[in-house]
Amino acid sequence: MAPLLDDVAELARRVELLSLPHVVALNQWVDTHAAVRALPYFDPLDGGADAYILILLEAPARHAMRPRFVSRDNPGPAQRNLQRFLAQAAVARARTVLWNTVPWLADEQAPPARLGVAAVRAGIAMLGDVLDLLPCLRVVVLAGRTARQAHAAIEARRPGLIVLEMPHPSPLSVCTSPTVAPQIVATLARAAQLAR
C-alpha cells in the first residue's frame, strides 16, 4: 500500500513521476487548464493511459496540500474506503485510473458549496477530453449520483464502453445500509472481470 498523500516527501515523489509515459499526456492536459481552473494531477501510481477501468467519482475533497492528485492515496475517508474496496475486489491498481465528474479543486478560502447543475455540466464536458486520452479503456464505473449524470455523455463519446454504476464510497453513503459496501465491492469486481 502506498503512503498517503498528506506526507510532503510522498507528494514530492509523485510530482517527480508526473512525466512517466503512461501519465504524461493526461497531466499535460491538466496543465493546459491551470490558467482557468486548478485541476488535480492523475496519480502516476495508477494505470493512466494504460488503464482499462475508469472510476468516476464526484469532486475533489477539500484539502490544502498542493499540488493535488486524484488518488486513492488522498487522506480523505472516501478515498480510504475506495482503496479498501478495490483491494477486496482484487482490482489491480495498474488497471485503473480515477477522475472526478466535477474535477477542479475547491477554493480552500471559500466556504464549502454544493455542486450546481452548471458545474456538473462543465465537468462532464471536460470528461470527453479525458476519455479521448484513455485508449485502452473498457469499463467506466460511475460512483454516486453526481457521476451517474455523465452516463449518456460517456455512451455518446465512446459507445463501446461498458458503463457500471455503484454507490459513492464516502462514509455517508456506505453507512446508509449494510448492503452498500458489498454492492461497491461486487461492482468493482465485475468491472475487473469485464475489463479482461
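Helix α3 (residues 77–88) and helix α8 (residues 180–194) have axes that come within 8 Å and cross at roughly 55°. The axes are lines fitted to C-alpha atoms over the stretch in contact, with angles running from 0 to 180 degrees between N-to-C directions. The two helices are therefore oblique to each other, since angles under 35 degrees count as roughly parallel, over 145 as roughly antiparallel, 65 to 115 as roughly perpendicular and the rest as oblique. L82, F85, L86 and Q88 of α3 meet A181, I184, V185 and L188 of α8, where contact means heavy atoms within 4.5 Å.

This is a predicted model, in which local features need pLDDT of at least 70, side-chain atom pairs count only at pLDDT 80 or more, and totals for chains, interfaces and linings use all residues. Residues are numbered from 1 along each chain as its sequence is written, and side-chain values use heavy atoms, with hydrogens and water left out.

M166 lies in strand β6 (residues 162–166). Helices (H or I, at least four residues) and strands (E, at least two) are DSSP runs, numbered from the N terminus. M166 counts as buried at 1% relative accessibility; buried means under 20% relative accessible area and exposed over 50%, with partly exposed in between (1.4 Å probe, protein chains only). Leaving aside neighbours within four places in sequence, the contacts of M166 include L82, I184 and L188.

In helix α1 (residues 8–16), E10, L11 and R14 are buried. They cover an arc of only 100° around the axis, which puts them on the same side of α1; the arc is that of the directions from the helix axis to the C-beta atoms. The buried residues of α1 pack against β3 (69–70), while the face turned away from them carries the exposed V8, A9 and E16.
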